[in-house]
Amino acid sequence: LDLQEKIEDYLFHATSYIVNVFNFRCLAVPAAASDNDLREVAKFRSKNRLPVLSWMHPDSLATISRSAQPLVGMANNRSEADEKYMQSIMDANAQR
């Protein structure tokens, strides 16, 4: 698996909706995530900041994704969309 193949595991979404406070031109997210998935995940994250690819090691292809905290709260809330999205990040990062 080379760097190009690894990057292809991520789809670069244009951020034309209000998920992103900082107005980046694109966000690196797993290709498996649809725009609707991203909206649902953002709703469950503080300040609508969804997890995105922040860094990829050029040799090992290990990645770091960053985001705001999930809005779990005192009621121990869960989000199926958020859990599915986090699994897709792990799947995209898995060594093959």
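Modeller: We start with the overall fold and then go through helices, strands and loops.

Colleague: What should I know before reading it?

Modeller: This is a predicted model; local features need pLDDT of at least 70, side-chain atom pairs count only at pLDDT 80 or more, and totals for chains, interfaces and linings use all residues. Residues are numbered from 1 along each chain as its sequence is written, and side-chain values use heavy atoms, with hydrogens and water left out.

Colleague: OK. How many helices and strands are in the protein chain?

Modeller: The protein chain has three helices and four strands. Both are DSSP runs numbered from the N terminus: helices are H or I with at least four residues, strands are E with at least two.

Colleague: And in what order do the elements run from the N terminus?

Modeller: The order is α-β-β-α-β-β-α.

Colleague: How much of the protein chain counts as buried?

Modeller: 33% of the 96 residues. Buried means under 20% relative accessible area, exposed means over 50%, and partly exposed lies in between (1.4 Å probe, protein chains only).

Colleague: Switching to helices. How do α2 and α3 cross?

Modeller: Helix α2 covers residues 35–43 and helix α3 covers residues 80–93; their axes come within 8 Å and cross at roughly 115°. The axes are lines fitted to C-alpha atoms, for helices over the stretch in contact, and angles run from 0 to 180 degrees between N-to-C directions.

Colleague: Which residues of α2 and α3 meet there?

Modeller: From α2, Asp 37, Leu 38, Glu 40 and Val 41; from α3, Ala 81, Asp 82, Lys 84 and Tyr 85. By class, that contact has four nonpolar, no polar and four charged residues. Ala, Val, Leu, Ile, Met, Phe, Trp, Tyr, Cys and Pro count as nonpolar, Asp, Glu, Lys and Arg as charged, and the others, Gly among them, as polar. Contact means heavy atoms within 4.5 Å.

Colleague: Now strands. In what sense do β3 and β4 pair?

Modeller: Antiparallel, over four bridges, with β3 at residues 52–56 and β4 at residues 63–66. Strands pair if DSSP finds at least two bridges between them. Leu 53 has Ser 65 in β4 as its bridge partner.

Colleague: What do β3 and β4 form?

Modeller: A hairpin, with six residues between the strands. Leu 61 in the turn has a positive phi of about 65°. Most residues other than glycine have a negative phi.

Colleague: Where is Ala 62 found?

Modeller: Ala 62 is in the loop between β3 and β4. Leaving out residues up to four places away in sequence, Ala 62 touches Trp 55, Met 56, His 57 and Asn 93. Its C-alpha atom is 6.9 Å from that of Asn 93, 31 residues apart along the chain.

Colleague: Why does Ala 62 count as partly exposed?

Modeller: Because its relative accessibility is 32%.

Colleague: Last topic, the loop between α2 and β3. Which residue there has a positive phi of about 55°?

Modeller: Lys 47, which is not a glycine. Asn 48 is found in that loop too, with a positive phi near 60°.

Colleague: Is Lys 47 buried or exposed?

Modeller: Lys 47 counts as exposed because its relative accessibility is 57%. Asn 48 is partly exposed at 30%. Leu 50, in the loop between α2 and β3, is buried, with a relative accessible area of 7%.
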